[in-house]
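Trainee: I have not read a structure before. Where should I start?
Mentor: Take one feature at a time, with the idea before the case.

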Amino acid sequence: MKNTEDQNLEGPAVLKKEMSRRDFLDWVIKGGILATLSGMLFPALAYLWPVMGHGPKVDMEEVAALDEIPVGGFKKVFLGGSALLLIRTAQEIKAFSAICTHLGCVVDWDGPKREIVCPCHAGVFDLEGRVVSGPPPRPLPTYPVKVINGKVFIKL
Amino acid sequence: MIKGWIKSWFADRYDVDQIEEVIKGQVEKPLPENISWFHTLGSMSLFLFVSQVFTGILLLVYYRPTVHDAFESVKFIMTTTYMGWLFRQVHAWGANLMIIVLFLHMLRTYITGSYKKPRELTWVIGAALFFLTLVFGFTGYLLPWNQLAYWATTVGTEIAGAIPWMGNFIKTLLRGGGAVGGETISRFFVVHVIILPWVLFFLIVAHLFLVRYQGIATMDPVSPGKEPKLKEGVPFFPDHVLKEGIVFFILLGVLITLAILKPFDLGEKADPLQTPFAIKPEWYFLPMYQMIKYFPKLVGIFITSLGPLILVILPFLDRGKERNPFKRPISMMLGIAGLLLLVGLGMLGAVAETKKNFFGKTYEFDIYGIPRLIKANAGSSESLQPPQTPPK
C-alpha cells in the first residue's frame, strides 16, 4: 500500500486504481461467499412468499344449501381462509366478504333495517356493499353467486 | 468514511482494543502440527446443525403438527411451495449426514486419543450431543406422519415399553397416551423444534468453549500435571479455516446432490389400522434394533444400553497415557471390534425380513438375518411376520 502511495505522489493518477493480486483474490473470495449466500437467500424468500397470493380459485365452491337461508335471512360461511356473508333477498343471494374494510371485524346482517352492520365501530353498508355511514373506507367486496339445484356456489 | 465513523462510535462506548485482542487471539490461535483434514469434521457437524436450523425454520412455516394436517402439509411443502421439496430433502439428508459426520468426528477423536485428560468433559458433552442428535432423528422422523414413520415410532416406543419397572410409564409418556396418535405428534413436535434445538445449542456452546479454551490435543502422551499451553503451531486462520472452507463446499455439494438425486419419498399417509410388512427403524438405529432381537427382551435392552453408556464414560475407563494410535493396540482392537459389530449388526438388520437374489437363487432372511434358500416366486411363509405386533 505504502508503495503505491509513494508512486502516486510523482506518477500519473491512473496508478491509484491499480489492483494488486492480493486485492483481486480478496474480491474473488468475498464475492464468491456473497454470491453463495445470496443464492441461498433467494429461494428461501421465494418460498416464504404466500403461495395462495397468486390469484383467486377458478372453480366455484359449494358453500350452502338454499333451504338453509330464509328470504331476508343470512348465513356466514368460511371459505378459502376468509369469512363470507351470504344474504338472501327476495330475488337472489348476495355474497359479501364478512370482513369489515375498516379494521377487520366480522360484519352482521341486520334483517329488519336491511343493512350490513359492523359491531366494532358502527360501520353500516347497504345491500350493494356500499358504505352508508361510519368509518369504513371502502365498500365490502362482493362475489359472484350461482344457485344450482338448490345449492349455493360462490366464486372467490 | 462510514467505516471509521462506526469504529469511533463503538470505541467511544466499549473497550474495543480489548475485544479486538480476544478476537485476534481466537482467530490466530495456534493449532498443533498434527491438525489434519479429519479435524474439520467437528465444524462440519456444526455447519449441518446450522443448516438443519435454517431448513427447519423454513419447513415450520407451512408444517402443521396434527393428525389431520401433518401429512397434507408436508405434501403441500413438497408440491406447491417454491423449492419446498428442496428444503425438505436438504433437511432429511442433512439429518442423515449429520449422524454420519458426528460418528466420524467421534471416531477421529477416539483414534487420536483426544478424549484423554484434560479433555474428558469435552468428550462427555460430545457423546451427549451425538445421542441427542439420534433423538432428534427419532422425533423428526414421525412428523411427516406417513406409514413408515408411524409404524417405526410405534415399534420404537414399544421397545422403550419393555424397560423393566418404568417401561410402561415411559411408553405412555412418549406417546402421550396408549397408542401413537395426535398427542404423540404434538409431543414429538415440541421436543423436535423447541427443546432439542436449544439443549443442543447450549451443549454445542459448552463443547466449543472447551475446545477453544483447552486447545486441540496433540499426539503427545498425557502430561502428568496441567497440560502446557501451545505457543507455536499452525494458525487457525487462514490455514485451518481454508481446509474447513474446502470441506464445507464439498459437503454442501454432497448434501444438495443427494437431496436432488436420491430424494426421500413421502409415501402413504399413516394408517393405524394397517401395519406394513417388515417395519424397520432408520438405518442409524438398525444395529441396536437387531441386537435386541437376539436376546430375551430384558437382557437385550440391558446389553444394548451398555454400548452408549460405555461410550459416554470412555475417558474415565481408559486411563492410558498414550494418544498415538500405534501405541494403543488394545484400544484400537476394541475400536475395530466395535466398528465391525456395528456394521455387522446393521447389515443383518438391513437384510432381515427381506428376500434377496444371489447367483440366481432366492434367499429369504428371517428376523435374525439368517438366510434360507427358497424356491423362486414362492409365497410369503410363516416366518415372515413383522417382529412386533401392532398396537390394539
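Trainee: Where does Gly123(A) lie?
Mentor: Helices (H or I, at least four residues) and strands (E, at least two) are DSSP runs, numbered from the N terminus. Gly123(A) sits in the loop that joins strand E6 (115-117) to strand E7 (124-125) of chain A. This is a predicted model, in which local features need pLDDT of at least 70 and side-chain atom pairs count only at pLDDT 80 or more, while totals for chains, interfaces and linings use all residues. Residues are numbered from 1 along each chain as its sequence is written, chains are lettered from A and ligands numbered from 1 in the order in which they are written, and side-chain values use heavy atoms, with hydrogens and water left out.

Trainee: Is Gly123(A) buried or exposed?
Mentor: Buried means under 20% relative accessible area, exposed over 50%, and partly exposed in between (1.4 Å probe, protein chains only). Gly123(A) counts as buried because its relative accessibility is 2%.

Trainee: Which residues does Gly123(A) touch?
Mentor: Contact means heavy atoms within 4.5 Å. Leaving out residues up to four places away in sequence, Gly123(A) touches Ile116(A), Val117(A), Cys118(A), Ser133(A), Gly134(A), Pro135(A) and Pro136(A). Its C-alpha atom is 9.2 Å from that of Thr101(A), 22 residues apart along the chain.

Trainee: How many helices and strands are there in chain A?
Mentor: Chain A has two helices and eleven strands. From the N terminus on, their order is α-α-β-β-β-β-β-β-β-β-β-β-β. The chain has 156 residues, of which 26% count as buried. Among its contacts with a separation of 6 or more, 41% join residues 24 or more positions apart.

Trainee: In chain B, what span should helix H10 have?
Mentor: The expected span is 1.5 Å times one less than the number of residues. Helix H10 of chain B (residues 236-261) has 26 residues, so 38 Å should be spanned; the end C-alpha atoms are 35 Å apart, which agrees.

Trainee: Where is the kink in H10(B) centred?
Mentor: The bend at a residue is the angle between axes fitted to the seven residues ending there and the seven starting there. In H10(B) a kink of about 25° is centred on Leu242(B).

Trainee: Which residues of H10(B) are buried?
Mentor: An α-helix has 3.6 residues a turn, so residues three or four places apart point the same way. The buried residues of H10(B) are Phe236(B), His240(B), Glu244(B), Val247(B), Leu251(B), Leu252(B), Leu255(B) and Ala259(B). His240(B) has a relative accessible area of 5%. Beyond its neighbours within four places in sequence, His240(B) contacts Leu31(B), Ile35(B), Ser36(B), His39(B), Thr40(B) and Pro235(B).

Trainee: At what angle do H5 and H14 of chain B pack?
Mentor: Axes are lines fitted to C-alpha atoms, for helices over the stretch in contact, and angles run from 0 to 180 degrees between N-to-C directions. Helix H5 (residues 84-111) and helix H14 (residues 329-351) of chain B pack at about 160°, with axes 11 Å apart. H5(B) is therefore roughly antiparallel to H14(B) (under 35 degrees is roughly parallel, over 145 roughly antiparallel, 65 to 115 roughly perpendicular, the rest oblique). Residues Phe103(B), Leu107(B), Tyr110(B) and Ile111(B) of H5(B) meet residues of H14(B), including Met332(B) and Leu339(B).

Trainee: What is Arg108(B) in contact with?
Mentor: Arg108(B) is in helix H5 of chain B and is buried, with a relative accessible area of 13%. Apart from neighbours within four places in sequence, Arg108(B) is in contact with Phe38(B), His39(B), Leu41(B) and Ser114(B).
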